[in-house]
Amino acid sequence: MGDTEPLARFLTSSGHFNASAVKPAAFLPNPKNGETSVYRHGPDPLEDLVAIAREEIGADRKVHGAAIIRAADVRAARLEARAGEPPPRHADIVGWPWSEDDPDFAKAAQKELAATIARKAGAAVRF
Amino acid sequence: MAAGYAATLSLSRPGSAVSREAGAVCRNAAAVVEQRERSVALFGVKSVALSELEMLAAECKEADWDGYGAESLHPRALSLAKEIIRSLPDDLPMPTMSVEPDGCVSLDWLPTNGRVFTLSAGKTDRLPYAWLDGTDRGHAVARFIGGQLPPRIVREIRMICGDDASVWAA
């Protein structure tokens with residue numbers, strides 16, 4: 001995956017963004033697998049991204065929009081963006097700090113990295 | 001009045017007392033706290049923040065609320081987040097809030113895109129937090145003891161927010 005490739009994190013909680021920006025919690029990893037699910041966006045029109053969100057997140061769930069970052073933003077935070085198909089275009093942000101001994105300190109480290117990535121996203125793209 | 005409210009707030013917290021009388025005192029104190037917090041005139045922006053938190057709690061009460069397999073909002077995280085909001089000094093900007101995939105509540109101060117202070121209220125009194133301030137950044141864990149944020153945390157939030165009290169509206 002190239003550094004300039006756009007990655008979209010679908011925003012499914014109204015608390016994960018506001019008018020100005022995306023909040024760090026939007027990028028925190030799933031506690032079950034330690035990964036943050038994203039979709040490779042490419043130069044496709046926004047309508048395509050909306051269609052992917054509807055298909056992958058589910059039509060019965062509200063998708064408010066997406067936070068768009070680049071793979072380089074992930075790598076700058078000392079994490080990695082890795083293709084993870086299926087489904088098509090799916091990828092994961094991996095390499096999050098993790099500790100069984102001190103999960104709270106690991107969580108603090110995750111929050112720092114999530115805030116770093118969220119800052120790069122800027123304002124959310126609203127659907 | 002503020003001192004009376006603080007004392008009532010302290011009594012409203014579930015403690016180790018088990019007698020029927022102690023339980024009644026705790027319940028009555030909790031009712032007084034709730035009544036006061038419903039009054040925006042008396043409780044101001046904290047009332048608004050607590051309402052916002054209740055809306056998020058309703059949104060995230062079921063597992064997989066985010067479509068990515070998130071845990072449901074943990075009741076202890078919700079009550080701790082409320083305690084933290086109530087304890088904030090009146091001159092400190094209110095945070096915006098979000099629920100995290102592990103069921104914790106994130107309290108975020110985001111005065112500008114370059115400055116962030118984010119604190120997690122979770123299942124214990126340990127509070128993971130992190131900050132970004134331009135090129136400076138870091139993370140640590142603090143404890144919420146005696147119903148108060150550690151003074152160091154309050155100082156750091158003040159530093160991040162600086163003189164700009166116009167913290168992002170949620």
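1. Chain B holds an open sheet of 5 strands in the order S1-S2-S3-S4-S5, with antiparallel pairing (two strands pair if DSSP finds at least two bridges between them; strands are DSSP runs of E, at least two residues, and helices runs of H or I, at least four, numbered from the N terminus). Its edge strands, S1 (96-99) and S5 (136-143) of chain B, each pair on one side only. From one strand to the next the twist averages 20 degrees (axes are lines fitted to C-alpha atoms, for helices over the stretch in contact, and angles run from 0 to 180 degrees between N-to-C directions).

2. This is a predicted model: local features need pLDDT of at least 70, side-chain atom pairs count only at pLDDT 80 or more, and totals for chains, interfaces and linings use all residues. Residues are numbered from 1 along each chain as its sequence is written, with chains lettered from A and ligands numbered from 1 in the order in which they are written.

3. Strands S2 (residues 105-112) and S3 (residues 115-121) of chain B pair in the antiparallel sense over 6 bridges. B:Trp109 stands opposite B:Phe117 in S3(B). Helix H5 (residues 75-87) of chain B packs on the sheet and touches S1, S2 and S3 of chain B; the direction of H5 makes about 40 degrees with that of S2(B).

4. The contact takes 31 residues from chain A and 36 residues from chain B (two residues are in contact if their C-beta atoms, placed from the backbone, lie within 7 Å). On the side of chain A that touches chain B, H3(A) gives the most, with 10 residues.
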